[in-house]
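Subject: Structure handover

Hello,

The structure is below, with the sequence. My notes on what was found in it follow; please read them alongside the coordinates.

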Amino acid sequence: MKISTKGRYGLTIMMELAARFGEGPTSLKSIAEKNGLSEHYLEQLIAPLRNAGLVKSIRGAYGGYILSREASNITAGDIIRVLEGPISPVDFTEEDDPAKRDLWLRIRDSIADVLDSTTLADLISFKEETHTDNYMFYI
């Protein structure tokens, strides 16, 4: 399964809103500028997120978007399903070999498990672990 720019940019929008949760509305223009993305494209992505109840729009001069609930209650799976559709690595039919069908189902379930167990709060608080092994070599 390959996540398209819709899913990747949608996740970017949601992470930006999560990082600013409680600070008031955030404009798509500021998200676009910060991440080097097209504001017009982000406008196309925010509509399905709003329709799914993941974000709310605030009108006015200082308007923008806010998360509809806390970042810990929105998963990556929620966002990807809204923008990409159902999670499935392949379209398989009942005629497929049972072993292959089982493989596709296990892959689908594994992907869904990772997406559904990762919240926006997890993503915005992610700290990359750096392993600096300090080896001393003697000659």
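Threonine 75 has a relative accessibility of 13%, under the 20% limit, and therefore counts as buried. Threonine 75 sits in the loop between E2 and H4. Leaving out residues up to four places away in sequence, threonine 75 touches Leu115, Asp116, Thr118 and Thr119. This is a predicted model, so please read everything here as computed from a prediction.

Overall layout

The chain has 6 helices and 2 strands. Read from the N terminus, the elements follow the order α-α-α-β-β-α-α-α. Of the 139 residues in the chain, 27% are buried. Taking contacts between residues at least 6 apart in sequence, 62% of them join residues at least 24 apart.

In soluble globular proteins, nonpolar side chains tend to be buried together. Here the largest nonpolar core contains 27 residues, and Met14, Leu67 and Ile79 have the most contacts inside it. At least two residues of this core come from each of helix H1 (5-19), helix H2 (28-35), helix H3 (39-51), strand E2 (64-67), helix H4 (76-84) and helix H5 (98-116). H1 gives the largest share of this core, with 5 residues.

Which residues does leucine 67 contact, leaving aside its neighbours within four places in sequence? They are Met14, Leu17, Ala18, Phe21, Leu54, Val55, Ile74 and Leu120.

Helix H4

The buried residues in H4 are Ala76, Gly77, Ile79, Ile80 and Leu83. Because these residues cover an arc of only 160° around the axis, they lie on the same side of H4. The cover over the buried residues of H4 includes H1, H3, H5 and helix H6 (120-124). Just after H4 comes glycine 85, with a positive phi of about 95°.

Helix packing

Two packed helices are described by the angle between their axes and the distance between the axes.

- H2 and H3: the axes come within 9 Å and cross at roughly 125°. H2 is therefore oblique to H3. The crossing in which H2 passes H3 is right-handed. On the H2 side, Leu28, Lys29, Ile31 and Ala32 take part, and they meet Glu39, Leu42, Glu43 and Ile46 of H3.

- H4 and H5: the packing angle is about 120° and the axes are 6 Å apart. H4 is therefore oblique to H5. Ala76, Gly77, Ile80 and Arg81 of H4 meet Ala112, Leu115 and Asp116 of H5. Of the residues named in this pair, Ala76, Gly77 and Ile80 are buried in H4, and Leu115 and Asp116 are also touched by threonine 75.

- H3 and H4: the helices pack at an angle of about 115°, and their axes are 10 Å apart. The crossing is right-handed. Leu45, Pro48 and Leu49 of H3 make the contact with Ile79, Val82 and Leu83 of H4. Ile79 is also one of the residues with the most contacts inside the largest nonpolar core.

Two further residues

Threonine 5 belongs to helix H1. Is threonine 5 buried, partly exposed or exposed? Its relative accessibility is 31%, so threonine 5 counts as partly exposed. Apart from neighbours within four places in sequence, threonine 5 is in contact with Gly10 and Tyr41. Threonine 5 and leucine 83 are 78 residues apart in sequence, and their C-alpha atoms are 9.7 Å apart in space. Leucine 83 is one of the buried residues of H4.

Valine 114 is located in helix H5. With a relative accessible area of 51%, valine 114 is exposed, because the limit for exposed is over 50%. Valine 114 and glycine 77 are 37 residues apart along the chain, with 8.1 Å separating their C-alpha atoms. Glycine 77 is among the buried residues of H4 and also takes part in the meeting of H4 with H5.

Regards

How values were computed. Residues are numbered from 1 along each chain as its sequence is written. This is a predicted model: local features need pLDDT of at least 70, side-chain atom pairs count only at pLDDT 80 or more; totals for chains, interfaces and linings use all residues. Side-chain values use heavy atoms; hydrogens and water are left out. A nonpolar core is a set of buried Ala, Val, Leu, Ile, Met, Phe, Trp, Tyr and Cys residues joined through side-chain atoms within 4.5 Å. Buried means under 20% relative accessible area, exposed over 50%, partly exposed in between (1.4 Å probe, protein chains only). Helices (H or I, at least four residues) and strands (E, at least two) are DSSP runs, numbered from the N terminus. Contact means heavy atoms within 4.5 Å. The arc is that of the directions from the helix axis to the C-beta atoms. Axes are lines fitted to C-alpha atoms, for helices over the stretch in contact, and angles run from 0 to 180 degrees between N-to-C directions. Angles under 35 degrees count as roughly parallel, over 145 as roughly antiparallel, 65 to 115 as roughly perpendicular and the rest as oblique. A crossing is left-handed if the near helix is turned anticlockwise from the far one by less than a right angle, and right-handed if clockwise.
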